Amino acid sequence: MAAEELARAGLSVDVYDAKPSVGRKFLMAGKSGLNLTKDETLGDMLPQYAEAAAVLRPALESFDAVAVQDWAGALGQAVFTGSTGRVFPRAMKASPLLRAWLRRLEHAGVRMHTRWRWCGWAEDGALRFDTPRGAQVVAADVVILALGGASWARLGSDGEWAALLGARGIDLAPFAPANVGATVAWSSHMERFLGVALKSIALKSGAFRSRGEAVISRSGLEGGGIYEVSRGLREGSGLRIDLLPDWTVDQVAEKIARPRGKASLSNHLRKVLKLEPARIALAQECARPLATDPKALARTLKSLSVPVTGLRPMDEAISTAGGVPFAALDAGLMLRAAPGVFCAGEMLDWEAPTGGYLITGCLATGRWAGRAAATWAAAPH
């Protein structure tokens, strides 16, 4: 996005990527359908960016959910909106969009360099790179850093750039996992449910809520529902799951109180509450022995405390919090300590849940930084 804005302004643009090919994390996002954005108003989107919403607002106003969809369409990629409002390319993958985008950049004169790892600055301010041809130095009028967060290092976002900015006196916010799974030490009774999705549930951790699904994994819980509340877990709150979010405690208790005859409690819950085996197993795993009093059991099923022991490692997180704080940047996302150097994307200190907000934020900040960099390059200094 940044390169496109610079090229549109008439600048000569080079993109340097440390990996053998570009857009690797973008392609990985496409493996689950490439959720580009959420089809909702800016007013509904902004709260998802939490404390960063006010700072990100200008960039998101300039490139909102409608603009994201128009952008994809201009690249020949039709999109559709799912039942939850999430927007996907009809192709349900990233590669066609990325190929079309790279062709458009090439036609605009943007040059791509792969296997060029940025190593910081030379004494005269030029950029230093480690390349297949050895050490290289490149002088530039304006620079945009879009170096990613600190998760999925094998795709390129390894966070090693933090040391380079730290050496320039830029105080960074520590990296922390975001949109990440929770660790739970399951008993052997959960073995047969590994890989099963818990549906029709609500999750809560601290101030964070979700009506998404969670998948029972060998290490704990994964999936969109748990990712949306992972910040609460990271900040020390516990995890509670409502197994029947569409019913009140009294409604659940009334159904449990129905005569069960010789049926086991599990079969009774399955029949009267329409609970599938995975949800019943989770209740037994976390609250065994289950209460026999209908009201007490109803309260348990409506607010099941899950014994989370921690979060999965940061490199398994979909995204990360931390990075370059907005206090270190001006309104155009230029580093105050390094005039002419702009930052964009996940390396900035913001976070948002999955559901289209992450990619939209990265696209918007890339475009915003590109425009500001083009304006800065055209001005006398």
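These legends go with several close-up views of one predicted model.

A few ground rules first: residues are numbered from 1 along each chain as its sequence is written. Because this is a predicted model, local features need pLDDT of at least 70 and side-chain atom pairs count only at pLDDT 80 or more, while totals for chains, interfaces and linings use all residues, and side-chain values use heavy atoms, with hydrogens and water left out.

**View 1. The whole chain, before we zoom in.** Here you can find 13 helices and 21 strands; helices (H or I, at least four residues) and strands (E, at least two) are DSSP runs, numbered from the N terminus. Taken along the principal axes, the C-alpha atoms fill a box of roughly 85 × 40 × 35 Å. Of the 381 residues, 48% are buried, where buried means under 20% relative accessible area, exposed over 50% and partly exposed in between (1.4 Å probe, protein chains only). Contact means heavy atoms within 4.5 Å; if you take contacts between residues at least 6 apart in sequence, 69% join residues at least 24 apart.

View 2. The end C-alpha atoms of residues 1-371 lie 10 Å apart, and the span is 32% helix and 21% strand. For residues 177-319, the end C-alpha atoms are 6 Å apart, with 34% helix and 22% strand in the span.

**View 3. Helix α4 meets helix α13.** The axes of α4 (residues 53-62) and α13 (residues 357-378) come within 8 Å and cross at roughly 90°. Axes are lines fitted to C-alpha atoms, for helices over the stretch in contact, and angles run from 0 to 180 degrees between N-to-C directions. So α4 and α13 are roughly perpendicular to each other; under 35 degrees counts as roughly parallel, over 145 as roughly antiparallel, 65 to 115 as roughly perpendicular and the rest as oblique. On the α4 side, look for Leu-56, Pro-58, Ala-59, Leu-60 and Ser-62; among their partners in α13 are Ala-364, Thr-365 and Trp-368.

**View 4. Leu-56 up close.** Leu-56 lies in helix α4, and its 4% relative accessibility is why Leu-56 counts as buried. Setting aside neighbours within four places in sequence, Leu-56 is in contact with Tyr-49, Phe-326, Trp-350 and Thr-365. Leu-56 and Phe-326 are 270 residues apart in sequence, yet 9.5 Å apart in space, C-alpha to C-alpha.

**View 5. Helix α9 packs against helix α12.** With axes 8 Å apart, α9 (residues 249-256) and α12 (residues 294-302) pack at an angle of about 125°, so α9 and α12 are oblique to each other. Val-249, Asp-250, Val-252, Ala-253 and Ile-256 make the contact from α9, and residues including Leu-297, Ala-298 and Leu-301 make it from α12.

**View 6. Helix α8, tucked inside.** Eight of the eleven residues of α8 (residues 224-234) are buried, so α8 is largely enclosed by the rest of the structure. Among the buried ones are Ile-226, Tyr-227, Val-229, Arg-231 and Leu-233. Just after α8, Gly-236 takes a positive phi of about 105°.
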